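Colleague: I am new to this model and would like to learn how to read it, one feature at a time. Could you take me through it slowly?

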Amino acid sequence: MSGCARRCKHGLVKFALSVSKLVTGTLIKDKVDDDLELSVVCHRPEGLEKLEAQTNFSKKELQVLYRGFKNECPSGVVNEEMFKQIYSQFFPHGDASTYAHYLFNAFDSSHNGSIKFEDFVRALSILLRGTTTEKLQWTFNLYDINRDGYINKEEMTDIVKAIYDMMGRFTYPALKTDTTKQHVDAFFQKMDKNRDGVVTLDEFILSCQEDENIMRSLQLFENVI
Ligand SMILES: [Ca+2]
Ligand SMILES: [Ca+2]
């Protein structure tokens with residue numbers, strides 16, 4: 001691996017870990033990395049003015065972010081394979097590939113199979129400085145695997161399984177097969193307000209806002225930057 005790829009990977013690892021803590025809800029239990037390293041992706045970004053208008057970062061901040069990206073990895077965009085490799089380093093006892101796949105898709109907002117500087121900055125802006133609704137919307141999109149606007153039980157089952165797979169057998173010893181089902185049932189019990197078998201964005205936001213733990217994790221993440 002080239003020096004560039006190595007550095008790129010290092011920065012992304014920290015970033016990815018923080019994001020994973022947010023979306024798996026473990027952020028609340030864990031001290032957040034104090035230096036959320038942003039040196040991740042490098043390629044020529046769209047006009048910074050445009051990004052400034054689209055994000056909650058100032059032009060100055062965007063310049064610093066971009067300089068970091070460019071220094072660390074002058075050539076690249078991040079592809080799914082790289083994302084998976086990074087996750088596998090963090091969860092050596094489990095199989096992180098499925099979860100990394102879902103997360104990658106959530107970051108890859110232009111759906112073209114690679115994460116560019118702009119994609120990262122937009123996601124960062126939402127996760128760090130977005131409104132509660134924006135953060136929850138981002139998380140909803142992560143769970144809505146087929147992007148049809150609903151979270152169904154199959155999707156939630158896949159997400160929960162992927163998280164268990166990622167954590168591995170050392171974190172969750174003696175996992176029974178029905179544990180996933182229990183988690184999914186509990187999720188729908190709480191979220192599916194009208195009991196039609198799917199969770200809409202409105203239901204998701206409403207239910208999350210009623211849940212103190214979820215709200216606290218969102219706020220904690222906000223304090224990182
Ligand atoms: Ca769906
Ligand atoms: Ca519903």
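Modeller: Let us begin with helix α4 (residues 80-90), whose buried residues are Phe-83, Ile-86 and Tyr-87. They lie on the same side of α4, because they cover an arc of only 95° around the axis, the arc being that of the directions from the helix axis to the C-beta atoms. A residue is called buried if 20 or more other C-beta atoms lie within 10 Å of its own, exposed if 12 or fewer do, and partly exposed in between, with C-beta atoms placed from the backbone. Helices (H or I, at least four residues) and strands (E, at least two) are DSSP runs, numbered from the N terminus.

Colleague: What kind of model is this, and how are its residues and chains labelled?

Modeller: This is a predicted model, in which local features need pLDDT of at least 70 and side-chain atom pairs count only at pLDDT 80 or more, while totals for chains, interfaces and linings use all residues. Residues are numbered from 1 along each chain as its sequence is written, and chains are lettered from A and ligands numbered from 1 in the order in which they are written.

Colleague: How many helices and strands are there in the chain, and what percentage of its residues is buried?

Modeller: The chain has eleven helices and four strands, and buried residues make up 32% of its 225 residues. Two residues are in contact if their C-beta atoms, placed from the backbone, lie within 7 Å; among contacts in the chain between residues at least 6 apart in sequence, 68% join residues at least 24 apart.

Colleague: Which residues of helix α5 are buried?

Modeller: In α5 (residues 97-107), the buried residues are Tyr-99, Ala-100, Leu-103, Phe-104 and Phe-107. Seen down the axis of α5, these fall within an arc of 135°, so they line one face of the helix.

Colleague: How should I read the packing of two helices, such as α7 and α10?

Modeller: Two packed helices are described by the angle between their axes and the distance between the axes. Axes are lines fitted to C-alpha atoms, for helices over the stretch in contact, and angles run from 0 to 180 degrees between N-to-C directions. Here α7 (residues 132-143) and α10 (residues 201-209) pack at an angle of about 125°, with their axes 10 Å apart. That angle makes α7 oblique to α10, since angles under 35 degrees count as roughly parallel, over 145 as roughly antiparallel, 65 to 115 as roughly perpendicular and the rest as oblique.

Colleague: Which residues of α7 and α10 meet?

Modeller: On the α7 side they are Thr-133, Leu-136, Gln-137 and Phe-140, which meet Leu-201, Phe-204, Ile-205 and Cys-208 in α10. Within α10, Glu-203, Phe-204 and Cys-208 are buried. Down the axis of α10, its buried residues fall within an arc of 125°, so they line one face of the helix.

Colleague: Is Trp-138 buried or exposed?

Modeller: Trp-138, which is found in helix α7, counts as buried because it has 20 C-beta neighbours inside 10 Å. Leaving aside neighbours within four places in sequence, Trp-138 is in contact with Ala-106, Ala-123, Ile-126 and Leu-127.

Colleague: Where is Arg-147 found, and what is its phi?

Modeller: Arg-147 is found in the loop between α7 and β3 (150-152), and its phi is near 55°, a positive value in a residue other than glycine. With 9 C-beta neighbours inside 10 Å, Arg-147 counts as exposed.
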